[in-house]
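I opened my notebook today to look at a new structure. Here is what I looked up, in the order I got curious.

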Amino acid sequence: MDWFFNFPSMERNDLREFKKSVDFTFTDFTRSYGADIEGFFEPLLMFLVWFEKFFINTPWPLIILMILVFAWFGSRSISVLVGTLISFLTIGYFGMWEDTMSTLAIILVATFLCISIGIPMGIAMARSNKIQALVVPILDIMQTIPSFVYLIPVVMLLGIGKVPGLIAVCIYAIPPIVRLTNLGIRLVDKDVLEASDSFGANYWQKLFGVQMPLALPTIFAGVNQTIMMALAMVVIASMIGVKGLGLPVLRAISNQYLALGLMNGLAIVVLAIIFDRVTQKFGLRMQKYRNDGKD
Amino acid sequence: MSKNDILIKVNQLYKIFGDNSNEALNLVKGGMGKDELLEKCNCVLGLNKINLDIRKAKIQVVMGLSGSGKSTLIRHLNRLIEPTSGEILVNDQDILSLSQKELIQFRQNNMSMVFQKFALFPHKTVLQNVGYGLAIQNIPMSEWNERAKKWINRVGLDGYETYYPGQLSGGMQQRVGLARALATDAEILLMDEAFSALDPLIRSEMQNILLDLQNELHKTIIFITHDLDEALKIGDRIAILRDGTMVQDSDPQKIIMQPADDYVSDFIKDINRARVIQAKSIMTPTNSKSTGPVVQENMVLEDILQIMSESPSKPVTIEDTKGKITGKIEMANLIEGMKRPKSQGTNITG
């Protein structure tokens with residue numbers, strides 16, 4: 001009855017061999033292809049570095065002006081504008097300007113990357129049920145797997161640095177945009193699609209003329225979620241060498257610096273709130289036609 | 001009726017929804033009915049051996065209760081639904097043999113559609129909606145703008161070009177739908193319960209707009225409805241569907257005077273016969289002039305009654321549109337014509 005009380009598990013030696021072989025296979029893979037993969041991501045690194053430098057080297061009043069223009073374009077709301085101005089002035093005053101700019105740079109690049117991969121993926125999913133059935137479980141894994149777990153292979157492949165950090169952020173942040181693009185397109189009214197068909201629209205005309213515009217508010221909710229999740233990854237990404245607001249937080253954790261952790265943490269929150277308000281207001285404005293003067 | 005008058009010919013059309021439709025098709029051809037098929041094969045019989053000739057430049061009404069397959073039938077004509085078996089000829093061309101590319105061409109140039117729930121693009125303005133069929137043909141913007149404006153004007157929506165559909169009332173939205181369908185200058189217009197979602201007054205207004213337009217444009221219109229009054233008002237011919245089967249396809253007058261079966265008589269029992277039956281349906285054919293006044297053969301009984309009431313004993317003379325005498329009507333004919341056929345109950349209504 002031993003098997004009843006103790007789970008009949010693999011022999012300890014076999015298990016160790018199994019793990020070893022997985023590790024060796026991956027190490028071999030890293031040795032042979034690591035350089036190529038790194039080369040593949042080289043342009044991304046250049047882009048990120050250039051972007052970060054741009055944010056840090058541009059005089060702060062210009063940056064604030066740019067951010068305000070962006071906030072106004074997105075939200076058309078004075079209160080959001082004033083809030084943004086006060087937040088950035090406070091962040092700068094408390095000496096977190098440079099870190100904030102680094103974080104801003106990686107968040108923007110990560111969002112850009114997620115959108116440019118995620119939206120086409122969502123479109124493909126909406127087009128074919130098979131692709132959907134294939135991608136959904138992968139997205140589930142990406143969202144639930146502890147982020148430290150995929151940091152291991154990423155670091156093994158690419159080492160410590162900005163690119164692995166960026167990839168880690170993207171793995172975590174891309175699922176919402178993919179899911180919501182898919183959902184948004186699938187939710188487009190069948191009657192309207194039928195009308196489009198009856199006039200002889202082809203697939204691309206339907207996609208860009210009808211489905212995407214009508215799905216845009218949903219897709220935008222996905223962009224919003226992606227930005228929020230990217231921000232949430234900032235601290236973890238700092239563990240593998242990404243500069244920014246996450247690094248001081250990490251230092252604060254290991255040294256129990258309450259004020260440092262709190263200040264930088266709050267700066268991340270402030271960024272999140274600004275992004276959220278601006279993108280949400282923008283999303284609402286895009287669907288204004290929906291609730292205008294309906295009787 | 002010469003062969004050239006027929007623009008669309010539907011031959012032996014079957015549609016079965018569900019898996020195993022080929023097996024089910026054989027059962028249906030062997031005479032299995034809708035309910036039995038659903039039970040045995042888990043397939044829904046959509047259309048059962050439909051034959052229909054649609055005449056050029058006429059309004060063909062297809063009528064039936066919900067679930068009778070009328071919306072399914074109309075969607076076969078532009079292949080929004082693919083048939084299980086059968087043949088659809090438009091201008092002698094088999095549209096089921098069209099490739100995807102040809103089908104798109106065909107839809108762009110030959111047919112356009114008006115929908116029950118309007119199906120306007122909510123994110124496009126009225127102008128963009130009306131011009132949609134043209135814009136996707138890659139017609140330059142200045143040209144489709146102009147053509148769309150012409151149709152917006154034609155349906156009486158001047159000044160609403162920049163509005164979104166959500167800002168318009170139901171009647172106005174369907175005018176946009178109508179203008180959108182007309183803007184492509186397609187010869188065939190499919191109207192799927194186009195006016196059913198509108199309230200009675202607006203519906204009647206839209207019917208008049210459609211008839212006005214038809215007088216001028218002479219489109220071939222396939223009009224789906226479940227409303228007999230509407231069918232009688234606008235139809236040049238009426239086909240009646242029941243459970244996917246064609247029950248009767250004939251002249252509207254014939255539907256009223258000689259209903260094919262109980263289902264059709266049930267359909268027509270509540271109509272105001274005096275207002276729809278025309279002189280030619282009840283007259284006694286003759287070519288000699290009678291003592292009473294002369295009336296046109298398409299005058300309805302109600303109006304003839306008005307004329308005859310002045311001198312009830314004199315039969316009226318009936319002439320056709322060219323002024324040739326074709327028959328006469330006496331008071332007794334009039335009463336007989338207004339009476340409902342015997343089998344349909346004898347209650348006298350006020």
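**Entry 1: where the chains meet**

How many residues does the contact take from chain B, and how many from chain A? I found 22 residues from chain B and 20 residues from chain A. I note here that the model is a predicted one.

Next I looked up which elements of chain B touch chain A. Those giving two or more residues to that side are α4 (100-109), β6 (111-114) and α6 (132-135) of chain B. The top contributor is α4(B), which gives four residues. I also sorted the side of chain B that touches chain A by class, and wrote down ten nonpolar, ten polar and two charged residues.

**Entry 2: chain A as a whole**

I went through chain A from its N terminus. The elements run α-α-α-α-α-α-α-α-α-α-α-α-α, and my tally is 13 helices and zero strands. The C-alpha trace of chain A spans about 75 × 55 × 45 Å along its principal axes. Chain A has 295 residues, of which 33% count as buried. I then took the contacts in chain A with a separation of 6 or more, and 77% of them join residues 24 or more positions apart.

**Entry 3: two helices side by side**

I picked out helix α5 (residues 97-127) and helix α6 (residues 129-144) of chain A. Their axes are 5 Å apart, and the helices pack at an angle of about 130°.

From α5(A) come M121(A), A124(A) and M125(A), and from α6(A) come I131(A), Q132(A) and V135(A). These residues divide into five nonpolar, one polar and no charged.

**Entry 4: one leucine**

I stopped at L44(A), which is found in helix α2 (residues 12-57) of chain A. Why does L44(A) count as partly exposed? I found 15 C-beta neighbours inside 10 Å of L44(A), and a residue needs 20 or more to be buried and 12 or fewer to be exposed, so L44(A) counts as partly exposed.

Then I checked what L44(A) touches beyond the residues up to four places away in sequence, and found V163(A) and L166(A). I also looked at K162(A), which is 118 residues from L44(A) along the chain; their C-alpha atoms are separated by 9.7 Å.

**Entry 5: the largest nonpolar core**

Which residues touch the most other members of the largest nonpolar core? They are A110(A), V169(A) and A173(A), in a core of 155 residues. This core also draws at least three residues from each of domain 1 (56-110 + 186-268) and domain 2 (273-344) of chain B.

Leaving aside neighbours within four places in sequence, V169(A) is in contact with I106(A), A110(A), A230(A), M233(A) and A237(A).

**Entry 6: back to chain B**

I looked up the two domains of chain B again, and their C-alpha centres lie 30 Å apart.

My last stop was helix α3 (residues 70-77) of chain B, which is mostly covered, with seven of its eight residues buried. I listed the buried ones as K70(B), T72(B), L73(B), I74(B), R75(B), H76(B) and L77(B). Just after α3(B) I found R79(B), which takes a positive phi of about 55°.

Definitions and conventions. Residues numbered from 1 in each chain as written. Chains lettered and ligands numbered in written order. Predicted model: local features only at pLDDT ≥ 70, side-chain atom pairs only at ≥ 80, totals over all residues. Domains from an automatic or database assignment. Core = buried A, V, L, I, M, F, W, Y, C linked by C-beta atoms within 7 Å. Contact = placed C-beta atoms within 7 Å. Nonpolar A, V, L, I, M, F, W, Y, C, P; charged D, E, K, R; others polar. Axes fitted to C-alpha atoms, helices over the stretch in contact; angles between N-to-C directions.
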